[in-house]
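This report walks through a two-part complex for a reader who is new to such models. Please look at the sequence and the structure below, and then read on.

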Amino acid sequence: MSSTRSAYWRGFRAGAPFVLVVAPFGLLFGVVGTEAGLDLAQVMGMTVLVIAGAAQFAAVSLLVENAPTVIVLATALAVNLRMAMYSAALVPHLGGAPLWQRAVAAYFMVDQSYAVSILEYERRPQMSRAEKVAYYFGVVSPVCIPWYASTWAGAVLGGRIPPEFALDFAVPVTFIAMVAPALRTLAHVAAAATSVAVALALALLPYNLWLIAAAIAAMAVGARVELWMRRRGTWT
Amino acid sequence: MTQSDLYIWGIIAALGLGTWLIRFSFIGLIGDRALPEWVLRHLRYTPVAVLPGLIAPLVLWPRATEGETDPARLAAAGVALALGVWTKNVIATVFGGMGTLYLVQYLLG
């Protein structure tokens with residue numbers, strides 16, 4: 001087996017366990033999107049073109065509320081801003097690959113493909129560029145293909161789930177499930193608490209402006225608390 | 001949802017393109033220039049800054065009850081938060097939260 005092919009399969013094996021996380025999540029998005037009123041093509045269109053769970057849930061949730069276009073786009077894209085950080089972190093490893101490979105790698109850049117690949121690159125700095133690219137696409141395969149498939153299954157199933165199951169509330173619960181593990185430091189907790197407090201306090205602002213205010217205030221608080229922790233030497 | 005199909009497709013296309021541009025930003029366009037430390041420090045908090053604010057009103061004033069605070073939904077959110085922080089397991093958290101919602105709804109009739 002060539003070294004790039006074996007790198008691909010190593011990546012594939014490293015990404016495979018995430019099927020267990022991605023598949024239920026995709027299923028849920030398919031169900032929630034359909035319940036919200038998207039048709040099968042729109043649910044799949046969003047899953048294939050956006051390929052970012054949290055942003056998709058956020059967009060659907062705001063579309064249901066008839067939020068203004070700018071708010072829908074700004075919120076969903078803000079959720080994805082963290083990927084700029086992933087992109088920056090991957091430059092030393094994938095930056096020299098041909099443009100088309102970088103364009104495709106960008107499309108598949110999700111939390112798992114970034115986190116798993118960057119760990120491997122740090123563990124094996126002697127990997128060639130081609131092996132790094134192969135490894136990345138290895139991780140992506142068992143993460144992204146089940147994402148499409150499970151969304152489709154959820155969308156087909158979605159219309160058949162009766163309203164007693166209160167699926168409106170699956171969205172908040174899913175967001176809580178996504179955010180809770182990220183509350184690792186005091187700075188993250190402070191940011192989340194600020195976000196909730198500002199959103200509720202300004203809830204009467206028109207055009208969902210409360211959400212933008214909450215996000216900006218929360219980011220500033222998170223960054224301040226982090227600085228403060230660094231100065232005190234309690235940041236790890 | 002009351003928007004036209006064309007509008008929804010427009011949103012999907014804009015989100016798809018915008019998200020791809022964010023992902024492509026450094027590996028495709030900006031290259032090896034380092035981000036200033038203060039920018040990184042703010043980017044780190046985007047998910048925890050946006051998502052809690054987005055759902056707080058949905059938990060406190062749910063659409064399904066026309067904005068009236070619902071004990072079952074509050075309990076479900078509380079259990080989900082506790083499970084999420086404690087187990088860090090997304091699936092267990094979603095099932096625990098929705099299970100609590102059904103249980104409390106059943107208990108309160």
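## Confidence in the model

Chain A has a mean pLDDT of 90, and 100% of its residues reach 70 or more, where pLDDT is the predictor's confidence in each residue, on a scale from 0 to 100. Within chain A, confidence is lowest in helix α10 (residues 170-179), at a mean of 85, and highest in helix α3 (residues 40-49), at 97; helices here are DSSP runs of H or I with at least four residues, strands are runs of E with at least two, and both are numbered from the N terminus. For chain B the mean pLDDT is 89, with 96% of its residues at 70 or more, and the confidence there is lowest in α2(B), at a mean of 83, and highest in α4(B), at 95. For the complex, the predictor gives an ipTM of 0.84 and a pTM of 0.80.

This is a predicted model, in which local features need pLDDT of at least 70 and side-chain atom pairs count only at pLDDT 80 or more, while totals for chains, interfaces and linings use all residues. Residues are numbered from 1 along each chain as its sequence is written, and chains are lettered from A and ligands numbered from 1 in the order in which they are written.

## The form of chain B

Chain B contains five helices and zero strands, so that, by the DSSP definition of these elements, its order from the N terminus on reads α-α-α-α-α. Its C-alpha trace spans about 60 × 40 × 20 Å along the principal axes. The radius of gyration of chain B is 19 Å, whereas a compact globule of 109 residues would have one near 13 Å; this radius is taken over C-alpha atoms, and the globule rule is 2.2 Å times the number of residues to the power 0.38.

Chain B is divided into domain 1 (1-33) and domain 2 (45-107), with bounds that come from an automatic or database domain assignment. The centres of these two domains of chain B, taken over C-alpha atoms, are separated by 29 Å.

## Where the chains meet

The contact takes 78 residues from chain A and 62 residues from chain B, and two residues are in contact if their C-beta atoms, placed from the backbone, lie within 7 Å. On the side of chain B that touches chain A, the largest share, 18 residues, comes from α1(B). The residues of that side of chain B divide into 42 nonpolar, 14 polar and six charged; Ala, Val, Leu, Ile, Met, Phe, Trp, Tyr, Cys and Pro count as nonpolar, Asp, Glu, Lys and Arg as charged, and the others, Gly among them, as polar.

Leaving aside neighbours within four places in sequence, I22(B) is in contact with L77(A), N80(A), L81(A), M83(A) and A84(A).

By contrast, T234(A), which is found in the segment after α12 (209-232) of chain A, counts as exposed because it has 10 C-beta neighbours inside 10 Å.

Notes. A residue is buried if 20 or more other C-beta atoms lie within 10 Å of its own, exposed if 12 or fewer, and partly exposed in between; C-beta atoms are placed from the backbone.
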